[in-house]
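Take a look at the chain below. The report that follows starts with charged pairs, then moves to the sheet, the helices and the cores.

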Amino acid sequence: MAEDLLIDRTLSKAQQYQALLPQIEALTTGEDDQVANLANAMAALKEAFGFFWVGVYAVKNGELVLGPFQGPVACTRIRRGKGVCGAAWEQARTLLVPDVERFPGHIACSSLSQSEIVVPILKDGEVVAVLDVDSDQLNDFDETDQHYLEQLCQRMAQWF
């Protein structure tokens, strides 16, 4: 089945998220396969916003393991507390990093990544995965991204 996203790039960032999130909901409603849902959600985010890299790392056997993503090849495994993803997992909170070179212990999966936002996906109070979004521009993420990506992660928690 072919699906199309309706993306109006003339809208504000908040309005684009407000238009996109229901579309992701529609894409994933009725589908119980985690990989299919995560893959479609990552593709929708990449298509809507043109992020440099967007993907999910799931907690498996005490590590974050690469899941569905869109963008260049990525680090496969990340330890708890390491890099932005591992720190967001350990702290169970969103980390918004305007310049990854200034983040202590940043893991450079790509030298082109300049800024990053990582949002934990919580189920029953435990981090089960993180949503990682990278930009090739400095200071590319803000509270608007945080607000709507956190909403998306609440939806994504159902898939774990």
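## Salt bridges

The count of salt bridges comes to five. A salt bridge here is a side-chain nitrogen of Lys or Arg within 4 Å of a carboxyl oxygen of Asp or Glu. This is a predicted model: local features need pLDDT of at least 70, side-chain atom pairs count only at pLDDT 80 or more, and totals for chains, interfaces and linings use all residues. Residues are numbered from 1 along each chain as its sequence is written, and side-chain values use heavy atoms, with hydrogens and water left out.

Among the salt bridges are these:

| Pair | N to O distance |
|---|---|
| Lys13 and Asp142 | 3.2 Å |
| Glu63 and Arg77 | 3.0 Å |
| Arg102 and Asp99 | 3.5 Å |

Start with Lys13 and Asp142, whose side chains meet in a salt bridge. The pair links distant parts of the chain, 129 residues apart. Lys13 is in helix α1 (residues 13–28), while Asp142 is in the loop between β6 and α4. Helices (H or I, at least four residues) and strands (E, at least two) are DSSP runs, numbered from the N terminus.

How covered are these residues? Three classes are used: buried means under 20% relative accessible area, exposed means over 50%, and partly exposed lies in between (1.4 Å probe, protein chains only). Lys13 counts as partly exposed, at 27% relative accessibility. Asp142 is partly exposed too, with a relative accessible area of 26%.

Next come Glu63 and Arg77, which also meet in a salt bridge. Glu63 lies in strand β2 and Arg77 in strand β3, so the pair ties together parts that are 14 residues apart in sequence. Glu63 is partly exposed, at 23%. Arg102, the partner of Asp99, is exposed, with a relative accessible area of 71%. Salt bridges that share partners also join Lys13, Asp142 and Asp145 into one network.

## The sheet

In which order do the six strands of the open sheet lie? The order is β3-β2-β1-β6-β5-β4, and the pairing is antiparallel. Two strands pair if DSSP finds at least two bridges between them. The edge strands are β3 (77–79) and β4 (95–97), and each pairs on one side only. Neighbouring strands are turned by 25° against each other on average, direction ignored. Axes are lines fitted to C-alpha atoms, for helices over the stretch in contact, and angles run from 0 to 180 degrees between N-to-C directions.

Follow β1 (residues 53–60) through its partners. It pairs with β2 (residues 63–70) over six bridges, in the antiparallel sense. Gly55 stands opposite Phe69 in β2, and Lys60 has Glu63 as its bridge partner there. β1 and β2 form a hairpin with two residues between them. In that turn, Asn61 has a positive phi of about 50°. Six bridges also join β1 to β6, again antiparallel. Trp53 stands opposite Asp134 in β6. β1 is mostly covered: six of its eight residues are buried.

Contact means heavy atoms within 4.5 Å. Helix α4 (residues 143–156) packs on the sheet too, touching β1, β4, β5 (115–123) and β6. The direction of α4 makes about 30° with that of β5.

Helix α3 (residues 83–91) has seven of its nine residues buried, so it is largely enclosed by the rest of the structure. The buried residues of α3 include Val84, Cys85 and Trp89. What covers them includes β1, β2, β3, β4, β5 and β6. Just after α3, Ala92 takes a positive phi of about 50°.

## Nonpolar cores

A nonpolar core is a set of buried Ala, Val, Leu, Ile, Met, Phe, Trp, Tyr and Cys residues joined through side-chain atoms within 4.5 Å. The largest has 31 residues. Those with the most contacts inside it are Met42, Leu45, Leu131, Val133, Leu149 and Met156. The elements giving two or more residues to this core are α1, α2, β1, β5, β6 and α4. Which element gives the most? Helix α2 does, with six residues.

Leaving aside neighbours within four places in sequence, Met156 is in contact with Leu38, Met42, Val56 and Ile121. Apart from this core lies another, of 18 residues, among them Trp53, Ala88, Phe103 and Val130.
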